[in-house]
Amino acid sequence: MVITPDRQPYIQAITPSWYHHKVAEVSVLRLDIVHPHVSGNKWYKLMYQLDHCALQGIKKVLAFGGAYSNHLAATAAMANLAGLQSVGVVRGDFYKKLTPSLQFCKEQGMQLHFVTYAEYDRKTEPDMLADLSAQYPGAFIIPEGGANELGRRGAGEIAAIIPESYTHVAVAVGTGTTLAGIINNVPEGTQVYGYAPMKGGAYLDDVVAPWVLPEKQGSYKIFDNWHFGGFGKHTTELLAFMNEFYIEQNIPLDKVYTAKMMWGVMEQIKMGFFSNNARILCVHTGGLQGNISVANELCYGTGG
Ligand SMILES: *Cc1c(COP(=O)(O)O)cnc(C)c1O
């Protein structure tokens with residue numbers, strides 16, 4: 001490994017009032033603490049991309065993301081740690097006013113390359129990639145969200161730290177890279193549930209299925225009922241839930257991904273969706289810097 005985590009992840013049992021006598025255990029896998037700037041699943045999705053660069057003598061990585069992208073910020077920070085140059089292809093004209101996330105990328109030495117929404121939509125097309133390769137010779141191109149074989153392999157390392165005693169693993173879904181890596185590497189019989197934070201997240205079924213091993217096809221489900229208005233959107237109820245969860249469990253959740261996942265798990269437990277002997281491990285995929293716009297409304301600030 002080119003670089004190693006700051007802190008090792010650990011499992012924290014939680015005791016919310018809503019789970020008593022309904023399931024046997026609910027715990028949180030704290031990946032959010034592995035590194036202050038490369039939090040949660042991003043560390044895992046990026047680690048083999050950087051190893052690949054080190055092995056191949058590649059000195060520059062190129063990543064894609066929106067103006068608030070956790071992936072872009074994590075890539076900037078992790079490339080910096082590994083002594084690599086980085087380029088971020090950013091959707092929209094945010095050069096006019098950088099978001100805090102883009103400002104952070106810049107401070108980490110990332111060169112920002114702004115494209116229109118229409119250009120960004122062509123991010124997987126060969127001619128667009130050829131153009132970028134010509135502009136940034138020798139750069140290793142990481143697809144949006146780290147959604148490649150190396151990203152899924154890295155996410156698979158998360159499964160390696162999940163004890164066999166868990167019957168269910170719950171994880172928030174963006175590109176589905178983390179979900180797929182976990183599904184393919186948990187013990188047989190463990191069910192993996194993905195929680196989509198956007199409207200119409202059912203499309204993810206078709207995205208994830210080709211990445212899942214044939215023998216694991218029946219061992220996961222993606223739920224899209226708890227999007228709270230859409231990707232990046234939130235309600236006052238969600239923020240109240242995050243505050244309460246922090247006060248009771250001492251765990252900061254992020255508003256974009258992990259709060260919606262945790263809410264979904266809570267709803268399912270309340271409605272008796274899980275059996276009494278279920279042991280559920282909720283993966284804290286990090287992303288706390290995404291709380292910056294609501295830090296004033298959270299009793300823990302961003303929590304990151
Ligand atoms: C990026 C991110 C995800 C989504 O991960 P995918 O591998 O793209 O599905 C989930 N949770 C948090 C906190 C994230 O930052």
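Let me begin with helix H10, residues 258-270, which has 13 residues and reaches 18 Å from its first C-alpha to its last, close to the 18 Å expected at 1.5 Å a residue. Please bear in mind that this is a predicted model.

How many residues of H10 are buried? The count is 11 of the 13, so H10 is largely enclosed by the rest of the structure. The buried residues are Thr258, Ala259, Lys260, Met261, Met262, Trp263, Gly264, Val265, Met266, Gln268 and Ile269. Against what do the buried residues of H10 pack? Their partners are strand E2 (25-30), strand E7 (168-172), strand E8 (191-195), strand E9 (220-223), strand E10 (279-284) and helix H9 (236-249). Just after H10, Gly272 takes a positive phi of about 75°.

I turn now to the ligand. There are 16 residues around the ligand, of which Lys42, Gly174, Thr175, Thr178 and Thr285 come nearest. Thr178 places a polar side-chain atom 2.6 Å from an oxygen atom of the ligand. For Asn41, a polar side-chain atom lies 2.9 Å from a ligand oxygen atom. Gly176 contributes through its backbone, with an N or O atom 2.9 Å from an oxygen atom of the ligand. As for the ligand surface, the ligand taken alone exposes 390 Å², and the protein buries 97% of that.

Which elements give two or more residues to the shell around the ligand? They are helix H1 (41-56) and helix H7 (177-185). The largest share, three residues, comes from H1. By residue class, the shell divides into 10 polar, three charged and three nonpolar residues.

Finally, let us consider helix H6, residues 149-160. H6 has 12 residues and reaches 17 Å from its first C-alpha to its last, close to the 16 Å expected at 1.5 Å a residue. Within H6, the residues Leu150, Gly151, Arg152, Gly154, Ala155, Gly156, Ile158 and Ala159 are buried. The cover over these buried residues includes E2, H1, strand E6 (140-141) and H7.

How values were computed:
Residues numbered from 1 in each chain as written. Predicted model: local features only at pLDDT ≥ 70, side-chain atom pairs only at ≥ 80, totals over all residues. Heavy atoms only, no water. Helix = DSSP H or I, 4+ residues; strand = E, 2+ residues; numbered from the N terminus. Expected span 1.5 Å × (residues − 1). Buried < 20%, exposed > 50% of the residue type's maximum accessible area, 1.4 Å probe, protein only. Contact = heavy atoms within 4.5 Å. Near = heavy atom within 4 Å. Polar contact = N/O pair within 3.5 Å; in protein donor to acceptor, adjacent residues only side chain to side chain. Areas by Shrake-Rupley, 256 points an atom, 1.4 Å probe, with all protein chains shown as cover. Nonpolar A, V, L, I, M, F, W, Y, C, P; charged D, E, K, R; others polar.
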